[in-house]
Amino acid sequence: MPKTPAADRKKLFVLDTNVLMHNPLSLFHFQDNDIFICLPVIEELDNNKKGGTMAQRHARMSANSLDQFRAIAVREKLPATAGISITEHERAGDATGKIFFQDVRVRVSLLECFDERKKDNLILSIVDGLQKEARFQDHKIIVVSMDTNFRIKCGLLGFVAEEYSTGAVFDDSVLLGSGVEELPIGYFQGLDFRTENINSIEHYFLPPDPRFLTGNFAISADPGAPFKRAFVLSSTEVGVELVTVWSYSNGHRVFGLKEKNLRQGLAMWALMNPEIDIVVLNGLPGSGKTLLSLAAGLEQTAEGGDRPERYDEINIMLSQDVVGRKELGFLPGDVGDKLKPWMAPYADSLDVLFDPDDGVRNVTRKATEEAYITSEAIAHERGRTRHRRYVIVGEAQNRTPQDIELLITRAGKGTKFVIEGNLAQIDETAYVSEHTSGLSFLISRFRGTTRFAHITLEKSERSPLSEKASQLLAMK
């Protein structure tokens, strides 16, 4: 049987272990092509499954995905020679190829020039055997590895090798969604909708449209649109109800602050809305997550504001995780003293809000902090119930789903939660990854529900240097 022309041949990607330990979702990034998993790769994943580093967590996640494929094969009673359709996996996405596991039919004859004790050399021998397999004669076999020397050895042996680079920079909105739907120009032209004023606020009733999700925002730059900014109160098969969102650029302020960009204004509206119980802010460093959260909390808690005090105090939930592997050591003092290093971001925000020259509110900082702001340890939350509290949970990307569940279930009457995070800033010491963090968990479970709002802040407002660094240095 003649071979398929090279240009039309399907690709079979043989994955090195480091690819799976770098990105456990790499299994689903090869579109309609096939994947081959060698036994030494599974063994190496097993050797690296214990521990709290990012690579070790990814090893466990990859092993779980491979086990799900094995379960699919058992369920479907597939023979060893058959590949398993990747579409059968819950995270398949756009991937439509098959995954093959090494079986006894693959000839492994170790190349004499290499040390047989090294896993990489076993993989090379397996690839050599795959080249001779009849079932893969119509495939172009490509080794994928992040190891430069391994790719060099592949080239010397005549094997095609490529570096895995997908996902080098992680964007929160790819996994979590942005929380904002930008409507195209002309969207409302010919659309059958109605407007109704309810309690002095404009509501918009539109036909069903899957692009609208409950808890998200909708914006329009169309001069003919009935609104520029709106919040989706509900989106069902019956229809979509939105409510107008005002800007914080002129008359409206939050503890004296005005928005620096449109998305900050949307976040302010959600933070100040008593009908929203949970607000999730994710996005770039310096985009204003902490500053906006704290300003809205003070506006609705401290005396002297333009609005009635809705909350008795602001609770800032902290965990004593550190960036990197170096511990701070023993810290003297009471709980407040021990948590002080983790309060630094909030102290920085208070510096802005109470600056003597440019301060936005003429109140005493020390008195306000002592009266309305408390720092709390997440580890001490079991059994608590918080009534009429404005609760801020920072660095949520480093929290586990269990942490988030523990915190949110503490909510009593009149309590609001603000969850802040940035998936690109998961610390190596945290026992989470982008796909298992409490931030991802919360958004995935609450997305599309009422009294919930989510927005991604895309622009750093800290300084031009900070914005540039966020764009150029944000690595996975």
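**Entry 1: H203**

I started at H203 and listed what it touches beyond four places in sequence: R194, T195, E196, I198, L233, E241, L242 and V243. I note that this is a predicted model. I then asked which strand holds H203. H203 is found in β9, residues 201-206. Is H203 buried or exposed? I read a relative accessible area of 10%. The cut-off for buried is under 20%, so H203 counts as buried. Next I checked its side chain for polar partners. The side chain of H203 makes a polar contact with the side chain of E241, at 2.9 Å. E241 is also among the residues that H203 touches.

**Entry 2: N199**

I moved to the loop between β8 (194-198) and β9, where N199 lies. I looked up its phi. The value is positive, about 55°, although N199 is not a glycine. I also looked up its accessibility. N199 has 71% relative accessibility; exposed means over 50%, so N199 counts as exposed.

**Entry 3: F255**

I looked up another positive phi. F255 is a residue other than glycine, and its phi is near 50°. Where does F255 lie? I found F255 in the loop between β12 (240-244) and α7 (262-272). Its relative accessible area is 0%, so I logged F255 as buried. N199, by contrast, I had logged as exposed.

**Entry 4: the chain as a whole**

I stepped back for totals. The protein chain has 14 helices and 18 strands. Of its 476 residues, 47% count as buried. I also looked up contact range. Among contacts with a separation of 6 or more, 68% are between residues 24 or more positions apart.

**Entry 5: the mixed sheet**

I traced an open sheet of six strands. Its order is β3-β4-β2-β1-β5-β6, and the pairing is mixed. Which strands are at the edges? They are β3 (84-85) and β6 (160-162), each pairing on one side only. Helix α4 (residues 119-130) does, touching β1 (10-15), β2 and β5 (139-144). The direction of α4 makes about 160° with that of β1.

Inside the sheet I checked β2 against β4. Strand β2 (residues 34-37) and strand β4 (residues 98-101) run parallel and are joined by three bridges. For I35, the bridge partner in β4 is I99.

**Entry 6: Q31**

I looked at the loop between α1 (17-22) and β2, which holds Q31. The relative accessible area of Q31 is 56%, so Q31 is exposed. Which residues does Q31 contact, leaving aside neighbours within four places in sequence? I found D94, A95, T96 and G97. I also took a C-alpha distance from Q31 to K98. The two are 67 residues apart along the chain, and their C-alpha atoms are separated by 9.9 Å.

**Entry 7: α2 against α4**

I returned to α4 and looked up its packing with helix α2 (residues 39-47). The two pack at an angle of about 155°, with their axes 9 Å apart. Angles over 145 degrees count as roughly antiparallel, so I describe α2 and α4 as roughly antiparallel to each other. Which residues make the contact? From α2 I listed P40, V41, E43, E44 and N47. From α4 I listed K119, L122, I123 and I126. By class, this contact has five nonpolar, one polar and three charged residues.

**Entry 8: the parallel sheet**

How many bridges pair β14 with β15? Strand β14 (residues 313-318) pairs with β15 over five bridges, in the parallel sense. The bridge partner of I314 in β15 is I373.

**Entry 9: α13**

I ended at helix α13 (residues 438-446). Which of its residues are buried? I listed G438, L439, S440, L442 and I443. Just after α13, G448 takes a positive phi of about 85°.

Technical notes:
Residues are numbered from 1 along each chain as its sequence is written. This is a predicted model: local features need pLDDT of at least 70, side-chain atom pairs count only at pLDDT 80 or more; totals for chains, interfaces and linings use all residues. Side-chain values use heavy atoms; hydrogens and water are left out. Two strands pair if DSSP finds at least two bridges between them. Helices (H or I, at least four residues) and strands (E, at least two) are DSSP runs, numbered from the N terminus. Contact means heavy atoms within 4.5 Å. Axes are lines fitted to C-alpha atoms, for helices over the stretch in contact, and angles run from 0 to 180 degrees between N-to-C directions. Angles under 35 degrees count as roughly parallel, over 145 as roughly antiparallel, 65 to 115 as roughly perpendicular and the rest as oblique. Ala, Val, Leu, Ile, Met, Phe, Trp, Tyr, Cys and Pro count as nonpolar, Asp, Glu, Lys and Arg as charged, and the others, Gly among them, as polar. Buried means under 20% relative accessible area, exposed over 50%, partly exposed in between (1.4 Å probe, protein chains only). A polar contact is a pair of N or O atoms within 3.5 Å; within protein, one must be able to donate a hydrogen and the other to accept it, and residues adjacent in sequence count only if both atoms are side-chain atoms.
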